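Here is my note on the model you asked about. Have a look at it first, then go through the points with it open beside you.

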Amino acid sequence: MSDRDFDIELRLLIDAIYLKYHYDFRGYAGASMKRRMTAAMVRFGCRTLSQLQDRLLHEPGAFPALLDFLTVQVSDMFRDPGYFLALREKVVPLLRTYPSLKIWVAGCSAGEEVYSLAILLREEGLLDRSLIYATDINPGALQRAEAGVYEVERIAGFSDNHKRSGARSSLSDYYTARYGHAVFDKSLRRHIVFSDHSLATDSVFAEVQLVSCRNVLIYFNRELQDRAVDLFRESLCRKGFLGIGAKESLRFTASADAFDEVAREDRIFQKRAA
Amino acid sequence: MRTAGASARIDAVVIGASAGGIEALSVLLPVLLPGFRAAVLVVVHLPRERPSLLADIFTQKCAVPVIEAVDKEPVMPGTIAFAPPDYHLLVDEGPQLSLSADALVNFSRPSVDVLFESAADVYGTHLMGIILTGGNSDGAAGLEAIRRVGGMAVVQQPETAQTSLMPASALQRVPDAQALPLDGIATLLRTLNPGDRP
């Protein structure tokens, strides 16, 4: 199989997914998409992407399995502790001035980031007035996020990150360990709404004070990044905040001028007043 | 198949290194002078949980610009870009840099294979891949991908490497790669694209 054939088959497959399942991967970054599809081909035991396409169109259950492959990110709670520290120092003081808060975690995957933010808000005394929208395109991931259950082996790493994020409590205050798993507290979940939303095809659904979308934009091409950042801009209130991944940049997006840097290294931005 | 010393114009040089890599790069990268036309993209295996000082260290040592890769940044000729810790570095159409937080490959993130395979796809014959010292076999499949598209494959002579497993694995997989000691690779880089010089 030549690389040119693979490119043709990839385009056809992405179109087929769009036509049949209305999931739009056409604006995803090519190089990462190719790696993921190559891995999926191996996992599904297919010799070509055309074979994989055949299964996706005709086998129930094949698409949800592929969706996990194409979208699920393994993250850590309080990944990049500096980001959460910067939120406490530079964003929380302004959030305190609002009587009620709405926060959007876009691309929440299995929920690690959502629970991290909920715990941070609890520690800062803000969770009771907050509603967190946790969105993803993958229904399976949303279910896992809503369950809030993580392998207990991962907790030591989460806990270490939490400490370095300026923690005011112990992570163990927020979960119970059961049969090798840590189950996060229902009282956190009361403030979270899990919902299906696509940055590629859906529009704005609420006005929020903070959007956190980390390591999602790296999988998009520039056009789709423009679309996503524009949604964030529209959704944010005047002087609302946007947090992105540690190695992501707004520099190459059309809305770059709509934001000021608040914490350069930790990639926190604020929507300009104008 | 053409030999590994094929002479197409080289637009990008991708380098992979692990254990002993910083010392080896400290010999290689300072030979690049302003006016060097190819882009240089480097993966070094480092601890994933700490910020990397590679860009700072090599800015001190090098005569050409050195950066840590940022997602969607255009690939800059004559600039050295390091993969950030805990992200894969890929080359996308443009050409532009692209990052991914996908699963580890060969127990590594960044992985040399991920960079090399994506660069092979974009640059084809205009790519040179270099595997330096290291203690695992990451990069061997990537170097093979570069050869498959007709790019140039270079490996540090295993017996001259601080840790020989990585170059030895690459050489086993790509037997016609040029195996050179560091000063040989430095000479090769220095004489790259001689007709292109201003």
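1. Skipping neighbours within four places in sequence, B:His45 is in contact with B:Ser18, B:Ser108 and B:Gly134. Contact here means that the C-beta atoms of two residues, placed from the backbone, lie within 7 Å. B:His45 sits in the loop that links strand S2 (39–44) to helix H2 (54–61) in chain B. Helices (H or I, at least four residues) and strands (E, at least two) are DSSP runs, numbered from the N terminus.

2. A word on what you're looking at: this is a predicted model, in which local features need pLDDT of at least 70 and side-chain atom pairs count only at pLDDT 80 or more, while totals for chains, interfaces and linings use all residues. Residues are numbered from 1 along each chain as its sequence is written, and chains are lettered from A and ligands numbered from 1 in the order in which they are written.

3. Is B:His45 buried or exposed? B:His45 is buried, because 25 other C-beta atoms lie within 10 Å. The cut-offs are these: buried takes 20 or more other C-beta atoms within 10 Å of the residue's own, exposed takes 12 or fewer, and partly exposed is in between, with C-beta atoms placed from the backbone.

4. B:His45 also turns up in the UniProt record. An unreviewed entry there gives "active site" for B:Ser18, B:His45 and B:Asp138. These residues span 121 residues in sequence, yet no two of their C-alpha atoms are more than 9.7 Å apart, so they gather at one spot. Keep in mind that UniProt positions are given in the numbering used here, feature names are shortened, and annotations may be inferred rather than shown by experiment.

5. Next, B:Asp138. You'll find B:Asp138 in the loop between strand S7 (127–131) and helix H4 (140–148) of chain B. B:Asp138 is buried, with 30 other C-beta atoms within 10 Å. Leaving aside neighbours within four places in sequence, its contacts include B:Gly16, B:Ser18, B:Ser108 and B:Met166.

6. The record lists "domain: CheB-type methylesterase" at residues 13–189. That span is 31% helix and 23% strand, and its end C-alpha atoms lie 9 Å apart. The record also puts a "transmembrane region" at residues 12–33 of chain B. For residues 12–33, the end C-alpha atoms are 15 Å apart, with 36% helix and 27% strand.

7. How do two helices of chain B pack? The axes of helix H3 (residues 112–123) and H4(B) come within 7 Å and cross at roughly 10 degrees. That makes H3(B) roughly parallel to H4(B). Axes are lines fitted to C-alpha atoms, for helices over the stretch in contact, and angles run from 0 to 180 degrees between N-to-C directions. Angles under 35 degrees count as roughly parallel, over 145 as roughly antiparallel, 65 to 115 as roughly perpendicular and the rest as oblique.

8. Now chain B as a whole. Chain B has six helices and nine strands. Its radius of gyration is 15 Å, close to the 16 Å that the globule rule gives for 198 residues, so chain B is as compact as a globular protein of that length. The radius is taken over C-alpha atoms, and the rule is 2.2 Å times the number of residues to the power 0.38. Of the 198 residues of chain B, 54% count as buried.

9. Over to chain A, which has ten helices and ten strands. Its radius of gyration is 19 Å, close to the 19 Å from the globule rule for 274 residues, so chain A is as compact as a globular protein of that length. Buried residues make up 45% of those 274.

10. Finally, where the chains meet. The contact takes 16 residues from chain A and 18 residues from chain B. On the chain A side, helix H2 (30–43) and helix H10 (222–235) each supply at least two residues. H2(A) gives the largest share of that side, four residues.
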